Amino acid sequence: LHSLRRRQRQMCIRDSLERFYTKKGLYSGAENVSPGNQHYLMTYELADHTYLLTATRRADSPMAGDACGDYTLNHVGLAANTNAAPDLTRQQCWGR
């Protein structure tokens with residue numbers, strides 16, 4: 001459930017960034033990007049024509065021990081995991 005909410009949050013941020021890009025022609029300068037929730041800290045790296053969203057597990061949350069580790073999503077939709085258990089696939093963690 002928490003992982004689903006994390007994915008939904010990242011997709012919502014992605015959509016917001018894409019709307020900003022459509023209006024301004026770049027990602028840099030976007031403001032009010034979500035800081036995350038009680039389970040994941042959301043950080044973002046914005047450049048003019050690229051971005052990288054990262055959802056990092058909060059140490060004091062139930063997701064701290066999640067085998068999928070931390071999640072990243074970039075401007076072309078590439079979803080990945082860092083610090084994940086070596087036997088897990090992207091599909092297992094992202095559900096797609």
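Is Arg 14 buried, exposed or partly exposed in this predicted model? Arg 14 counts as partly exposed, at 28% relative accessibility. The views below begin with this residue and its partner.

**View 1. Arg 14 and Asp 15 form a salt bridge.** The side chains of these two residues meet with a distance of 2.8 Å from N to O. Asp 15 has a relative accessible area of 33%. Asp 15 is therefore partly exposed, since its value falls between the limits of 20% and 50%. A search of the whole structure finds 2 salt bridges, and the pair of Asp 15 and Arg 14 is one of them.

**View 2. Arg 57 and Asp 70 form a salt bridge.** The closest N and O atoms of this pair are 2.9 Å apart. Asp 70 counts as buried because its relative accessibility is 7%, and buried means under 20%.

**View 3. Strand 1 and strand 2 form a hairpin.** Between the two strands lie 4 residues. Their pairing is antiparallel and runs over 7 bridges. Two partners can be picked out here. Thr 43 has Thr 54 in strand 2 as its bridge partner, and Tyr 44 stands opposite Leu 53 in strand 2. In a regular strand the side chains alternate between the two faces of the sheet.

View 4. Strands of a sheet pair through backbone hydrogen bonds, either parallel or antiparallel.

**View 5. The largest nonpolar core has 18 residues.** Those with the most contacts inside the core are Ile 13, Leu 17, Leu 53, Tyr 71, Leu 73 and Trp 94. At least two core residues come from each of these elements: helix 1 (2–24), strand 1 (40–46), strand 2 (51–57), strand 3 (70–74) and helix 2 (90–94). Leu 53, named here for its contacts inside the core, is also the residue that Tyr 44 stands opposite. In soluble globular proteins, nonpolar side chains tend to be buried together.

Definitions and conventions: Residues numbered from 1 in each chain as written. Predicted model: local features only at pLDDT ≥ 70, side-chain atom pairs only at ≥ 80, totals over all residues. Heavy atoms only, no water. Core = buried A, V, L, I, M, F, W, Y, C linked by side-chain atoms within 4.5 Å. Buried < 20%, exposed > 50% of the residue type's maximum accessible area, 1.4 Å probe, protein only. Salt bridge = Lys/Arg side-chain N within 4 Å of Asp/Glu carboxyl O. Pairing = 2+ DSSP bridges.
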